[in-house]
Amino acid sequence: MAEVAAAGGAGPDVNTTGNPTEMAMAYLQDEKTDGDIPDINLGELDLTTDEFILDEVDIHIQANLEDDLVKEALKTGVDLRQYSKQVESELQRIEQASIKDYIKESQNIALLHNQITACDSILERMEGMLSGFQCDLSSISSEIQTLQQQSVSMNVRLKNRQAVRSHLSQLVDELVVPGAMISTILDSPVTEQGFLEQLHELNNKINFAKELSFRETLACSDIQDIVDRLKLKAVSKIREFILQKIYSFRKPMTNYQIPQNTLLKYRFFYQFLLANERTVAKEIRDEYVDTMSKIYYSYFKSYSGRLLKVQYEEVADKDDLMGVEDTAKKGFFSKPSLKSRNTIFTVGQRGAILSPAELEGPILVPHTAQRGDSRYPYETLFRSQHYALLDNGCREFLFLSDFFMVTGNSALDLFNSIMGKTLSMFLKSMSTYVSDCYDSIAVFLCIHIILRFRAITVKRTIPALDKYWEAVLELLWPRFELILEMNINSIRNTDPQKLGVLDTRPHYITRRYAEFSSAIVSINQTFTNEKTHTLLGQLQVEVENFVLKMAAEFPSRRDQLIFLINNYDMMLSVLMERAADDSKEVEGFQQLLLARTQEFIEEILTMKLVSLN
């Protein structure tokens, strides 16, 4: 503090008790004017430059004055120059002490230096070793990559060789004709399993030889001669075997289904012929078609002829119509005649022919029926004949499709070439019968038999007989409609005055109608036909008109009503036994019966009232 006071004459006084900032500024100003201090270029730290921003300096000074040591020094009034020298001497002391410590530890430092040098040498050697190892790894990686490429190349070559070996092995196997094949084809019967197996192998070799010939393979010529000879031998043996089976069909009383099943067992024989010898295959096919065509024609012609011998001898003729007078000569509805012939207008038990049990039951055996003196209506014979046709036709179509390997139109053409003659005979016989048939129930039953048989063939997916069914229906439907129209006209043209004595009981013509209409309605329920409903409606109108004309012949209204009620009631009762309650015929006669009954009640009441008066 004395030095500060001594310097006070040369500069402004420093107030040691004032603001610390002002004291610092005064001290710095005093230091600036001191002649002992040389000029120093402080640059940005020069406080005397005009560019120095005093505000920023003030901020820094203020920040430094916040330091605890500076605050303590300023508070105690320490001389900063003295304090600076003190700090410098302390630093020098510490430096000397540090140097002494360093000298004291120089040996340890030297030892540490030597150790570091040794470690550096070791690390350098390790670096060299690792570098060499890295080079070795690079070399090994390159060798591994080379080995991998070689392995891939070897694998490709192996696969190529295996593929070539496979093709060559197959080629050699196909080219080699084993001795067992030669001996089996030449010596074994065709029915043995070994022959069939070797025939398959021979067929494969023939196909392979054809393929090689297309490729112009020279090795093919080495086996071509042997394969051709074996093929000719196999074809000869197969042809002889199949023809013998076909010829066996021609023997009397032969069940041709047995040899057919045998042929199906060896169906590959025909496939072999078709692939390798088409002329022989055509010969066998033509022989089979010719043989079976004759067999079916002969069988069905004979069977149809024998069936006609067990048909009812008495059949309806053109005079057996609904409106024709019932005389002793006709006797269709008399009890004695029912034993020898079927009724014309009553279905009776004839409708049972449409039940599944009867429809697909066993066919009639004519000679058995003849021994028993049995007689049958035409529809029974028709069912038996056509069920035999259905059964044989379906079986034959399946055999042709399987054995001769035909489908679609080819199968239908082959079937028609066999069954065409027989079907034509059936249609001709049917046309002859229909042209002179007046039994409408028989014709209608035949129609529904055909409709059900057609449904069976559709269920079995056998289209072979579809055209035949249509042809038969085209014969039967017009005839049935014609007979029905003849009966309608016969009722329309009936003269009540020629029908004998008047009677209030139900008339036989109305009973005929009731029996006939109920029969047709009950049969028509499964396969309905609008044309049939229309004709029945016309027949009903004519019968209603006939009943009214007959009633008009009675002199009193009471008798007329009794006659109408009895006839309506009888017709309604018969119809309700077979027809549905909601049928048009039942509803129509119910309304008529109700109306005439009410009128009869009113008539009786009127007569009672008149008698009372």
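User: At what angle do helix H12 and helix H15 pack in this model?
Analyst: Helix H12 covers residues 278-308 and helix H15 covers residues 378-403, where helices are DSSP runs (H or I, at least four residues; strands are E, at least two) numbered from the N terminus. The model is predicted, so that local features need a pLDDT of at least 70 and side-chain atom pairs count only at 80 or more, whereas totals for chains, interfaces and linings use all residues. Residues are numbered from 1 along each chain as its sequence is written, and side-chain values use heavy atoms, with hydrogens and water left out. With axes fitted to C-alpha atoms over the stretch in contact, and angles between N-to-C directions running from 0 to 180 degrees, the axes of H12 and H15 lie 10 Å apart and their angle is about 165°.

User: Are H12 and H15 roughly parallel or roughly antiparallel to each other?
Analyst: Angles under 35 degrees count as roughly parallel, over 145 as roughly antiparallel, 65 to 115 as roughly perpendicular and the rest as oblique. The angle between H12 and H15 is about 165°, and these two helices are therefore roughly antiparallel.

User: How many charged residues does the contact of H12 with H15 have?
Analyst: Contact means heavy atoms within 4.5 Å, and among the residues that make it are Tyr288, Met292 and Phe300 of H12 together with Leu381, Gln385 and Glu396 of H15. Ala, Val, Leu, Ile, Met, Phe, Trp, Tyr, Cys and Pro count as nonpolar, Asp, Glu, Lys and Arg as charged, and the others, Gly among them, as polar. The contact has 12 nonpolar and four polar residues, and the number of charged residues is one.

User: Is the crossing of H19 and H20 left-handed or right-handed?
Analyst: Helix H19 (residues 508-523) and helix H20 (residues 530-552) have axes 11 Å apart at an angle of about 165°, and they are therefore roughly antiparallel. A crossing is left-handed if the near helix is turned anticlockwise from the far one by less than a right angle, and right-handed if clockwise. The way in which H19 passes H20 is left-handed.

User: How far apart are the axes of H19 and helix H21?
Analyst: Helix H21 spans residues 557-578, and H19 packs against H21 at an angle of about 20°. H19 and H21 are therefore roughly parallel, and their crossing is right-handed. The distance between their axes is 8 Å.

User: Is Ala411 buried or exposed?
Analyst: Ala411 lies in helix H16, residues 408-435, and touches Phe397, Ser401 and Val406, not counting residues up to four places away in sequence. Relative accessible area under 20% means buried, over 50% exposed, and in between partly exposed (1.4 Å probe, protein chains only). Ala411 has a relative accessible area of 1%, and so counts as buried.

User: What is the phi of Thr461?
Analyst: Most residues other than glycine have a negative phi. Thr461, in the loop between helix H17 (440-459) and helix H18 (466-492), counts as exposed at 63% relative accessibility. Although Thr461 is not a glycine, its phi is positive, at about 55°.

User: How many contacts does the stretch of residues 1-18 have beyond near neighbours in sequence?
Analyst: pLDDT is the predictor's confidence in each residue, from 0 to 100, and the chain averages 81, with 84% of the residues scoring at least 70. Over residues 1-18 the pLDDT is below 50, and the number of contacts in the model for this stretch, beyond near neighbours in sequence, is 12.
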